[in-house]
Amino acid sequence: MEINPLEYLLNPNKRIFWIFLLSSLLIALTYLWLNPREKRINFSKKLWLHPSAILDYGYFVFMAFFKVLVIFPILFGAKEVALWVNAALLGEYGYTRLEGFSYAQIMFIFTLSLFIVSDFTRYWLHRFLHTMPMLWEFHKVHHSAKVLNPLTFYRVHPVESLLFGLRYSLSIGLVSGVFIFFFGAMIDIYDILGVNILAFMFSLIGSNLRHSHIRLGFGEKFEKFLISPYQHQIHHSKHHTDTNFGGFLAIWDWIFGTLTLSKGVGRLKLGINSDDMKNFGNFQNLVFFPFFAIYQSFKKHFF
Amino acid sequence: MKKIIVVLTLFVSFAASAVNQAFFDGVIIANTNQAIGSATNITNSITKSDQQAAKANFANLVRDWKKVETTYLLGDLNEDYLDTPRYVDIFHGNNEDIKSQLDLIIESDDDLTYALYKHSHKTINALEYVLFTKDITNPRVKAIALIISKSIASYLTEILDGYHTHQAKFLKSEQFASAVLLNTLVAGTYKLKEWRIGDVVGLSKKYKGKADNRRAEYVLSGNSINAIKAILQTHQQVINSKNYKDFGDIAREYKANAEIDTAISHLNKSISNAKDMVDSDLDSAKGVALFNATSQLMTSYYIALMDRLGFVSKVLDADGD
């Protein structure tokens with residue numbers, strides 16, 4: 001298996017694919033042109049060379065290798081799940097084909113279903129990472145970033161990475177297995193450069209600004225449907241980590257009562273509480289401290 | 001990742017390179033023509049009241065019809081043709097007892113044009129019942145057998161005409177053609193292992209542990225294994241033929257040797273298992289082995305289908321936020 005961190009820039013399936021970075025840059029420049037007072041912080045060396053940012057850069061390279069060498073080999077894939085789901089449905093209901101849908105209609109429904117189910121499971125896993133104490137210990141790694149940059153997206157503990165991989169396999173595999181059962185090979189998705197067209201479109205509108213200091217909101221009405229970059233930055237602030245769990249869509253936060261709109265939210269203090277912050281200041285701690293914290297908590301409760 | 005891209009490319013390219021006119025003419029059209037020929041031969045034998053020849057020709061008709069049925073994709077090209085195979089064959093498609101209905105028709109003196117008003121009365125299953133349990137020297141039985149054989153020939157001709165009319169739709173879209181063909185193979189393999197073998201050998205969900213040779217597709221004429229062999233031969237025409245560029249050839253061009261070899265290996269194993277079998281072997285260990293081999297063949301088609309979707313390459317980073 002090939003390991004090359006630069007591949008992240010060239011692979012349309014990656015958050016930091018160059019087109020997504022470029023679109024985010026263009027949006028950011030437009031935003032700064034309209035809000036010149038924010039240029040200072042966004043162009044400052046202090047931001048891009050902050051110890052937290054430097055840690056993000058190094059950790060990104062480490063995780064690129066670690067994922068390929070350790071996480072991917074132990075993950076079961078969406079294909080295996082889809083095979084299992086299809087086999088289970090075949091065994092239970094026998095061979096079934098839904099007629100009356102055109103190829104284009106099936107592609108549209110499949111594309112939409114994959115996107116919605118994937119975003120929905122992403123919301124819930126993210127929420128569980130905050131609400132379940134043991135998972136929160138791992139997710140603190142991500143929230144310990146003092147400043148945000150596009151690579152903060154990859155500042156994720158390997159255990160969290162594994163959980164998101166499992167989420168992906170289960171949700172995509174489930175949807176695909178059901179569609180294969182009903183439509184067989186007559187399914188495909190509408191894509192751009194091999195990426196679900198909906199995910200691609202939403203990634204174009206500033207996905208890399210979620211982890212940045214560009215305070216771009218989408219307005220009160222739109223932010224009930226789509227998570228804006230600023231809404232995600234709000235999620236990274238110490239006082240709002242229990243809101244805005246959504247990936248692309250905000251409707252899950254809206255429906256389940258965890259939505260915070262940009263309007264009215266003032267200055268953000270990023271990170272987690274000060275006592276915890278000091279535990280994530282270097283590379284080794286990002287990887288090992290969560291295990292230590294869980295062990296300590298376990299010892300406190302049971303011994 | 002590389003493997004998935006290779007297989008994805010393989011399936012897309014399969015449509016571009018293999019599902020071309022040579023494939024269409026060599027498999028789809030040629031098999032339909034052959035079945036029309038068999039239906040004509042059986043009509044001639046019945047006309048001559050030659051029951052032995054008619055029975056022999058019935059075996060050929062079963063063989064050739066199964067080939068048409070195995071790659072039947074006309075319904076996907078034009079939905080007006082979705083039900084056409086059910087006018088020829090009601091195996092697992094109709095719960096009515098046509099035998100008692102045909103007995104009543106034979107015993108009555110009603111005008112046959114009206115008496116044989118149901119599609120099911122004019123299917124290959126009805127023809128089997130008439131040829132293998134009745135005497136076609138009886139004028140009324142002969143007349144019924146002729147109506148049935150001509151009806152089958154007529155539907156086969158309709159299928160042929162349909163393919164000629166709608167072939168452009170199949171040939172113009174690579175994505176659509178590969179999907180339709182793969183679906184046909186998957187559907188055919190499921191019905192083969194579950195209905196034609198599993199129900200008999202007692203391994204299907206419906207008849208688990210209750211083997212019964214009387215559930216075989218052509219139990220009256222003893223052509224059930226003949227049908228199974230024809231189905232497997234047709235799969236060979238699609239994925240492992242020497243006469244034209246087929247699925248296997250394209251797979252090798254794209255270095256997906258392992259994937260296609262697995263499917264071909266399961267197919268060959270199925271063919272080898274069926275080779276020396278007769279209908280009475282279906283509820284024995286030979287039937288179990290055939291069931292297992294065709295199950296593996298079906299799984300290998302489903303794996304190919306999953307690869308066609310290219311799971312890994314179509315979703316953004318699976319990391320969190």
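1. A residue is called buried if 20 or more other C-beta atoms lie within 10 Å of its own, exposed if 12 or fewer do, and partly exposed in between, with C-beta atoms placed from the backbone.

2. Basis of the note. This is a predicted model, in which local features need pLDDT of at least 70, side-chain atom pairs count only at pLDDT 80 or more, and totals for chains, interfaces and linings use all residues. Residues are numbered from 1 along each chain as its sequence is written, while chains are lettered from A and ligands numbered from 1 in the order in which they are written.

3. Chain B overall. Chain B contains 14 helices and zero strands, where helices (H or I, at least four residues) and strands (E, at least two) are DSSP runs numbered from the N terminus. The order of elements along its sequence is α-α-α-α-α-α-α-α-α-α-α-α-α-α. Of its 321 residues, 51% count as buried. Among contacts in chain B with a separation of 6 or more, 75% join residues 24 or more positions apart; two residues are in contact if their C-beta atoms, placed from the backbone, lie within 7 Å.

4. Domains of chain B. The assignment gives domain 1 (1-20 + 173-321) and domain 2 (21-169), with bounds that come from an automatic or database domain assignment. Between them, 24 residues of domain 1 of chain B are in contact with 23 residues of domain 2 of chain B. On the domain 1 side, α10 and α11 (224-239) of chain B each supply at least two residues, and α11(B) gives the most, with eight residues. That side divides into 12 nonpolar, 10 polar and two charged residues. Here Ala, Val, Leu, Ile, Met, Phe, Trp, Tyr, Cys and Pro count as nonpolar, Asp, Glu, Lys and Arg as charged, and the others, Gly among them, as polar.

5. The interface of the chains. In all, 27 residues of chain B are in contact with 40 residues of chain A. The elements giving two or more residues to the chain B side are α10 (174-201) and α14 (285-309) of chain B. The most come from α10(B), with nine residues. By class, the chain B side has 16 nonpolar, four polar and seven charged residues.

6. Helices α8 and α9 of chain B. The axes of α8 (residues 124-133) and α9 (residues 139-172) of chain B come within 9 Å and cross at roughly 150 degrees. Axes are lines fitted to C-alpha atoms, for helices over the stretch in contact, and angles run from 0 to 180 degrees between N-to-C directions. The helices α8(B) and α9(B) are therefore roughly antiparallel to each other; angles under 35 degrees count as roughly parallel, over 145 as roughly antiparallel, 65 to 115 as roughly perpendicular and the rest as oblique. On the α8(B) side the contact is made by B:I124, B:A126, B:L127, B:V130 and B:L131, and on the α9(B) side by B:V141, B:I144, B:A145, B:I148, B:S149 and B:I152. This contact has 10 nonpolar, one polar and no charged residues. The crossing of α8(B) past α9(B) is left-handed, a term used if the near helix is turned anticlockwise from the far one by less than a right angle, with right-handed used if clockwise.

7. Helices α5 and α9 of chain A. Helix α5 (residues 51-74) and helix α9 (residues 158-183) of chain A pack at an angle of about 60 degrees, with their axes 11 Å apart. That angle makes α5(A) oblique to α9(A). The crossing of α5(A) past α9(A) is right-handed. In α5(A), A:M63, A:F66, A:K67, A:V70 and A:I71 meet A:P158, A:S161, A:L162 and A:G165 in α9(A). The contact comprises six nonpolar, two polar and one charged residue.

8. Backbone points to inspect in chain A. A:L193 is not a glycine, yet has a positive phi of about 50 degrees. A:L193 lies in the loop between β1 (191-192) and β2 (195-196) of chain A and is partly exposed, with 13 other C-beta atoms within 10 Å. A:N244, also not a glycine, has a positive phi of about 55 degrees. Its place is in the loop between α11 (229-235) and α12 (251-255) of chain A. A:N244 counts as buried, with 27 C-beta neighbours inside 10 Å.
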